[in-house]
Amino acid sequence: IFMATNEKGYVDPLLTGFVVDYAANLDRGFIGRKLFPIVSVEKDDAQYPFFSKENFVTPDDNINDFEGEARRADLSSELKHIHCIPHALREGIDVRKNRQMDGPFKVKERAASRRLSYKLLTREELRIADLVKAHANGQTLAGTGSAATNQWANGGGDPFAVADAAKSNMWFEPNTLVLSYDVYLALKKHTKVLEKLGANEAKIVTAQILAELFEVNQVLIGSGRWAGPRKKNDKSVAMTRIWSNLAAFAYVDPEDQAVTCGKIFLERHESVDADGFLVRTWHDATKGVEGTDVVQVGLVSSEAIVAADCLYVVKSVLA
């Protein structure tokens with residue numbers, strides 16, 4: 001069943017649901033949606049609380065001092081407008097190559113939807129990584145040696161002293177440690193990490209062991225890659241890591257309107273009862289021998305740090 005929208009195509013609820021499920025289960029080293037939980041936005045002029053230190057002002061609760069009346073302790077966060085931005089990519093499928101059917105929709109359309117949504121999620125991951133890299137709360141490491149301010153390459157610096165600094169500069173104890181893949185590899189063989197394991201422990205360092213050593217609930221390893229936008233007349237492609245040379249301590253709470261480091265805001269599409277993604281299909285009779293079926297996947301979203309002091313970023317970790 002397709003619901004007509006206009007001459008530009010049809011909203012496809014089956015493919016939309018497929019893409020939403022695909023995004024929820026995508027791994028490939030993407031960590032953005034684990035670091036910035038998702039919140040549904042019902043309308044473009046919706047507001048969401050952004051938190052500052054004023055949120056934690058605690059008034060006197062002794063009602064005897066106020067004639068038996070409890071003092072007000074209202075939500076004091078700043079409500080900011082959320083403006084989700086439409087992102088979209090499309091792919092054309094030659095009709096002659098798409099004759100085989102699979103259940104309620106075509107195999108080629110499903111594959112195209114998966115490829116397009118992966119690319120949209122790659123861009124989302126890049127935007128979140130850029131927000132984290134630009135965040136001001138944190139420190140930049142430099143030089144060699146064993147001081148807390150030194151870089152962690154070749155067993156240098158002091159990762160646990162940096163963790164203590166992070167905890168001193170955050171509202172809550174961090175429950176999440178973000179590591180770019182290169183920093184994760186460096187920590188696996190870092191002298192201070194191995195020393196903390198003890199002489200009788202196996203020297204195989206995993207993400208779970210690092211979580212225990214740094215006293216966080218989870219370690220997120222940003223190992224996802226991207227090929228960058230293709231340059232004009234340049235067929236060469238180089239895969240690079242989206243996250244690099246970075247560690248970050250974060251407090252993450254997935255509950256709605258809870259204090260947390262960041263959020264992904266996804267606009268809800270009532271016609272298909274889905275957040276963020278929307279798949280449209282149409283036929284272009286002017287392309288190909290028998291025409292071309294076009295699949296377009298859109299993602300209406302925005303990302304933001306909503307509690308600055310719930311994120312502590314360590315930059316230039318290795319070099």
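Good morning; I would like to begin with contacts, meaning heavy atoms within 4.5 Å, because among those in the protein between residues at least 6 apart in sequence, 75% join residues at least 24 apart. Please keep in mind that this is a predicted model, in which local features need pLDDT of at least 70 and side-chain atom pairs count only at pLDDT 80 or more, while totals for chains, interfaces and linings use all residues. Residues are numbered from 1 along each chain as its sequence is written, and side-chain values use heavy atoms, with hydrogens and water left out.

The protein has seven helices and 19 strands, which are DSSP runs numbered from the N terminus (helices are H or I, at least four residues; strands are E, at least two). Of its 319 residues, 45% are buried, that is, under 20% relative accessible area with a 1.4 Å probe, protein chains only.

Now to the interior. A nonpolar core is a set of buried Ala, Val, Leu, Ile, Met, Phe, Trp, Tyr and Cys residues joined through side-chain atoms within 4.5 Å. Which residues have the most contacts inside the largest nonpolar core? They are Leu35 and Trp243, in a core of 42 residues, and the element that gives the most to this core is α3, with nine residues. A second, separate core has 30 residues, including Phe160 and Tyr184.

Returning to Trp243, and leaving aside residues up to four places away in sequence, we find that Trp243 touches Leu35 as well as Ile31, Glu125 and Ile128, among others. In general, nonpolar side chains tend to be buried together in soluble globular proteins.

Conventions. Buried < 20%, exposed > 50% of the residue type's maximum accessible area, 1.4 Å probe, protein only.
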